[in-house]
Amino acid sequence: MGLNPGRTVEELRELQEVTGDENGAQRVAWTDTWEQARDWLRGRLEGVPVEEEVDEAGNQWFTLPGGSERALLIGGHIDSVPNGGWLDGALNVMAGVEVLRRIAEEGQPPVTVRLVNWADEEGARFGRSLFGSSAAAGSMADQDELRQRRDNDGVALPDALREHGVDLDRALDARKQLESAAAYLELHIEQGPVLESMDLPLGVVLGTFGVERHQITWKGQAAHAGSTPMDQRRDALAGAAKLDLALREIAAEVGDGAVCTSGNVVCKPGIVTSVVETAEQLLDQRHLDAEKLAELLRLAKERADRFAQEESIEVSWERIWQIEPIRFDETLIGFADEAIREVSGKSHRLPSGPLHDAAEVSRAGVPTVMVFVQSLRGLSHTKLEDTKPEHVEVSVRALDGLASRALVWVAGGGGRS
Ligand SMILES: [Zn+2]
């Protein structure tokens with residue numbers, strides 16, 4: 001019978017029917033509806049010769065044993081945000097199911113193939129995203145803090161997890177799941193406007209952005225708006241305003257998809273009759289290349305110093321948060337390009353702004369790649385999230401072509417040994 005991408009669309013609609021309501025998907029991790037979705041997924045794989053296992057972090061694995069223990073992994077997450085869309089996470093899982101069926105139908109594969117449904121990618125209930133994948137990757141380092149977390153009803157995170165068979169203290173034991181992993185593939189909706197604006201159904205993800213977040217504090221002197229001549233002011237807001245506009249030049253100078261955002265400026269005293277004394281400005285800078293990310297920050301600081309001098313004000317910086325860029329595997333990126341061209345004629349390479357489970361797997365040293373499928377209007381995390389059914393189907397074909405290539409590669413000794 002072979003690959004049947006139309007079935008993926010039908011199954012995704014059915015999942016939405018079973019676990020959603022008029023406001024959208026309700027598969028929030030560590031809830032009954034999420035458990036129901038996992039049971040439903042189990043049912044979809046009946047008749048396929050896979051072994052199911054739920055690991056210590058709650059990740060649900062379906063393993064098709066192959067000629068070797070080395071494993072090709074395909075992953076996604078069936079959990080959603082409250083009032084979420086029908087595709088975010090679930091598409092990855094159901095496309096993986098279809099590919100697994102196709103491979104199983106052809107007999108024992110040369111290497112083991114595993115589908116993983118990561119637990120709590122969204123972090124919707126407790127505010128901790130990538131729970132299951134970070135446990136499996138061994139990068140989860142915030143258990144002490146997680147023990148204190150509570151949901152909106154006051155339920156503690158460890159108690160909610162225990163109800164679903166997960167002991168937080170043992171979550172990191174899920175690390176053994178990645179020991180045999182040779183390569184990891186993930187399909188996802190883009191959740192942004194790039195592919196639609198280029199009129200392309202599919203793209204290859206190069207990696208996830210590194211991020212630098214800072215609070216910049218500009219200090220001038222409050223002075224009366226009526227009595228202070230224009231050339232005698234020390235206006236803190238002028239520094240923030242100049243820097244905001246300079247971000248456009250800085251991003252253009254560094255290029256290669258650099259983005260910089262000043263998301264807020266809080267002014268004090270913040271009244272109509274005073275020059276601004278203090279301006280607290282937020283800055284978010286992102287790049288796929290670590291050196292270029294550092295260059296973005298260096299240029300912003302250089303400009304800020306100049307503006308402070310021009311305006312006779314002071315400027316200081318405080319880092320709020322930072323994460324390194326994650327680069328996906330070059331060989332797998334090449335395979336994904338080929339698979340996309342085969343099913344839709346043209347491929348495009350793009351970075352991912354949001355983090356994904358794939359980033360955690362990649363951080364753990366497993367060669368990884370993602371494929372994005374076009375999102376209509378760039379919308380996600382809302383019931384309005386949508387992708388044309390024909391694009392969903394072509395994305396399943398692309399994942400299948402990518403899996404075929406990766407399987408041959410891993411069987412020939414490629415990927416992590
Ligand atoms: Zn997702």
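Keep in mind that the model is predicted.

Let's start with the whole chain. Its secondary structure consists of twelve helices and 15 strands. The radius of gyration is 24 Å, close to the 22 Å that the globule rule gives for 417 residues, so the chain is as compact as a globular protein of that length. Along the principal axes, the C-alpha atoms fill a box of roughly 85 × 50 × 40 Å. Of the 417 residues, 51% count as buried. Now look at contacts between residues at least 6 apart in sequence: 79% of them join residues at least 24 apart.

Next, find helix α2, residues 32-44. Which residues of α2 are buried? They are W34, A37, R38 and L41. Seen down the helix axis, the buried residues fall within an arc of 100 degrees, so they line one face of α2. These buried residues pack against α1 (5-19), β4 (60-64), α3 (90-105) and β6 (112-117). On the face turned away from the buried side, you will find the exposed residues D32, D39 and G43.

Finally, move along to helix α10, residues 330-344. Its 15 residues reach 21 Å from the first C-alpha to the last, close to the 21 Å expected at 1.5 Å a residue. Buried here are L332, I333, F335, A336, D337, A339, I340 and V343. What do the buried residues of α10 pack against? Their partners are β7 (181-189), β8 (202-208), β15 (368-373) and α12 (389-411). After α10 comes G345, with a positive phi near 90 degrees.

Definitions and conventions. Residues are numbered from 1 along each chain as its sequence is written. This is a predicted model: local features need pLDDT of at least 70, side-chain atom pairs count only at pLDDT 80 or more; totals for chains, interfaces and linings use all residues. A residue is buried if 20 or more other C-beta atoms lie within 10 Å of its own, exposed if 12 or fewer, and partly exposed in between; C-beta atoms are placed from the backbone. Helices (H or I, at least four residues) and strands (E, at least two) are DSSP runs, numbered from the N terminus. The arc is that of the directions from the helix axis to the C-beta atoms. Two residues are in contact if their C-beta atoms, placed from the backbone, lie within 7 Å. The expected span of a helix is 1.5 Å times one less than its number of residues. The radius of gyration is taken over C-alpha atoms; the globule rule is 2.2 Å times the number of residues to the power 0.38.
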